[in-house]
Amino acid sequence: MQARNIENFKQLSSEAQQSLAADINNFGDLIQHFPLGRRAWNLEIGIACYESALMFYTREQFPQEWAGTQNNLGLAYSNRIQGEKTQNIELAIAGYESALKVYTREQFPQYWAMTQNNLGVAYNDRIQGEKAQNIERAIACLESALIVYTCEQFPQYWAMTQNNLASAYSKRIQGERAQNIERAIACCQSALIVYTREKFPQYWATTQNNLGLAYSERIKGEKAQNIEQALACYESALIVRTRKQFPQDWAMTQNNLGAAYSERIYGEKTQNIERALACYESVLRVYTDEQFPQEWAGTQNNLGLAYSNRIQGEKVQNIERALACYESALRVYTREQFPQYWAMSQNNLGLAYSNMIQGEKIQNIKRALACYESALIVYTPTAFPLECLNSSRGLGNTAFTAGLWEIAIEAYEQAMTAVEYSRSWATSDDIRQQILAESIDVYEKAIQACVNSNQLEKAIEYCDRTRAQRLVDLMHSNDLYASSEIPPAVQKYLQEFEAKQRQIDAEVEQLRKPSESNKELADVGSQSRSRADLCAYTEKIQGLEGEKQQIWENIRSLDPVLAGQVQVAPMQFAAMQKLIDNSQTAILCFYTTTDDTHVFVIYKDKAPQIHTCQGEGTGSFQKWIGESWLLPYLQERKIWQQGMGEFLSHLSQRLKFDELIGNCLDGIEELIVIPHLFLHQIPLAALPINGNAFLGDKLLLRYVPSCRILEYCSERPTIESLKYGIVENATDDLYFTPFECEQIAEIVTKPERLKGSQEATVAAYRNLAQKVNIMHSSHHAVSRLDNPLESRLFLGDGSITLGELMTPGWRLPQLSDVFMSCCETNLGGTEITDNLLSLGTGFLCAGARSVVSTLWAVDDFATSLFSIFYYQYRREGLSRPEALWQAQVRLRTISGAELKELYQPQIDPLVQRIIGDLKSKLAVIQKEKQKLKLRHKCYHKETDEFKELGAELKKITKRENQIQKQKKGYESLKENIYTLSNPFDDLSYWSGFICQGLH
């Protein structure tokens, strides 16, 4: 029949053929958009028309008409209902790509842009191939269209393309999800500049609908408010999209409205779900399975979700309704035609079966597992990482609950792969951390499943995959590119970063200078150099820090690891064992789950062991450490100091350390400790064991944030000839530091020294760090627990922050050791992802093999003595952890008589000078206080001036008391130091030093 039609067509004259082809083509256009009749049939007629027209419109004779028809054929296949959806989209793409062989940007710019737009829409809907790659192609096509479709020349087409781009960004897998949604919102808002309700009501409504979808998915801002904005957008769209005039569009927006009500946070949850159900039920009056099978299936799926979450009615009945809805959806959503939606429905079916409380529990679990496994055929970690995470998490949790450990572990492994694949696409450290934090339950349950099935090696591997990933990324990149040239773009950002830091330093310096207007702030600025800060000093500094943080993010976005060019593979257990030098050393890996704290012990040449502290979970054990250790340190230092011994005794009991030593550490002499969460803040060497001994008396301790980071330190080349550098008393206000550094200079070989504020500048410090192999820093430092990257080392003309240490500008591959004789250099907040961002770990990232750092604000005098002892023991050939522990023992056991014999000529003048300076400060404060008292008397008690001056008097009296107390302390020290048996035996003096990195 078709052959006879072709023959009849060829018998017509050329003019008649052309006329008939044009008529057929036009009829195809009309029938495609004809509102009456069955839409599926209309589209089939349109396709037949275009294919008939192409019998005459050949590319050689009628290139423009051929291209136009190919484009129209692509549109028809894009909208086609009959046939396989997958194949239809491929045919649409083929039509558009054929059209582009003629529609070039140079010859037919407008048609080229139109076809690029259509091709972008098709790739956005494509089923074959990698979903992520398809969406990237869609975005590329749509952005190409915008080269021609500018707002000035083609405002309507520009707005249309912006709308389509919004859809692509909403679905985008690569890149940061939050940023993609923001781009989608921006595209919709751009489209609304042209698509006003008055001029383009239908397109305005479409854009409002798309904007609602973007707000529904939005990550930034308040979730509750975003959903309210989505609801408002849908309601706006429904002003135009009425059921009578635009039934299909009305149904689409009602469906979206139902989804928003399902997720709504404001209002009564029960009522919101009932509204969602009502929306979906009304949609199904338009979306019938005969006329709109795909849309009908989508609504059935949404209806199932709403019934799964329903509060009203019987739970069993609601889940049964949900199951029926999902099964209905699967009649249309076949794996062959709609693999992604098929997988979605399988996932939802699995969730419903896992929640089913009626019937045989074992049978329901089996069904749930089968559904999740089906979903994961399509939802692979690379193609659909977010969906894969959800389905594999559901599979793992169902198996975990049923005690099916092998299935659970396999599922969680797939979930971890999805998480880590998603992280590789994120171009922001914060987003990477957020992705990991939101999935930490997967790692935790995987670890517990491994413990339950006695697969300890795998449990340990998973532990290392959860922790310190931000530091791992930084160290991996720094070590790979340690000696590389810094690219010009990065160099430019580094200069901006340093300029912003100089602005902050100038502001901080102003606060240190006393004046009538800022005496209080000056006092705060001075004190903050020896204690943790929980916020920026002023709002202006906070603003500058925010600007600097953005520059830091810009630098990081150009990093090869963060940009996804280099992947960091998970570490295997065998590689961890190779990090252990000998059979007398073990790795002690802590991990706290929701319920328990596990201590994994890794040996060099035998199977690992586990020591579990039951009931010591995150909410009890870790919370207790935070409230009983860190908070008192921040709020009331004296109470914290007085309670140190009792706290550490309780901690040792809760961790059952005597039992751990007896069962797992026989023959072990040294531990490489990997703490977890708040345990990073604890001086574990000072834990009491066996009644009256310390853990450090039995075992040498060194710390690392993770096995992977220890591996990086181990792989750095050994440095044979050592050059020393000393930075001392950079702000000219530490009394014992010159004594300390003078003694150390006599112990080590010809150190290069930066003395006082004139020499110990930021530039000089940096230059010294690049020249020497061993760096001794003895000056002020402070931790910023609210913003760890702003933790800083104070120098003569400014400061060096942790953020700077972690930039490419601070790659120090020749640096062997850093000894930070400063306060709080390893005090840092530890998030759920266990990244200890401290100045100590910053130097490890920069290139150091080993770092000695402090856990709190240490005493100036005690620290000076400890530092001297450490270098003495190092000179004798002791390893770093041996020297550290022996220095601690020496400090806590040294007698006053020994001090007098060794150092009286140096100590006495220093103490006398301190007392003299404190007396001078006291005289200035007392004089100021007297002036305030006289002014205070001049005002009536009810006046504001009287109250303000009274408040100032309280502050200055508090400062006076503090200095009086310090003066009395040093006077007592002067009188009694040489008579005390052990003047530094208090825990706060000696136990706050730790050694990180290599042996």
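1. In strand 13, T801 is the bridge partner of R792. Strand 12 (residues 792-795) and strand 13 run antiparallel and are joined by four bridges. Strands here are DSSP runs (E, at least two residues), as helices are (H or I, at least four), numbered from the N terminus.

2. This is a predicted model, in which local features need pLDDT of at least 70 and side-chain atom pairs count only at pLDDT 80 or more, while totals for chains, interfaces and linings use all residues. Residues are numbered from 1 along each chain as its sequence is written, and side-chain values use heavy atoms, with hydrogens and water left out.

3. The structure holds 34 salt bridges (a side-chain nitrogen of Lys or Arg within 4 Å of a carboxyl oxygen of Asp or Glu). One of them joins E616 to R654, with the closest N and O atoms 2.8 Å apart. E616 lies in the loop between strand 3 (609-613) and helix 28 (618-635) and R654 in helix 30 (residues 644-654), so the pair ties together parts 38 residues apart in sequence.

4. E616 counts as buried at 11% relative accessibility, whereas R654, at 23%, counts as partly exposed. Buried means under 20% relative accessible area, exposed over 50%, and partly exposed in between (1.4 Å probe, protein chains only).

Notes:
Two strands pair if DSSP finds at least two bridges between them.
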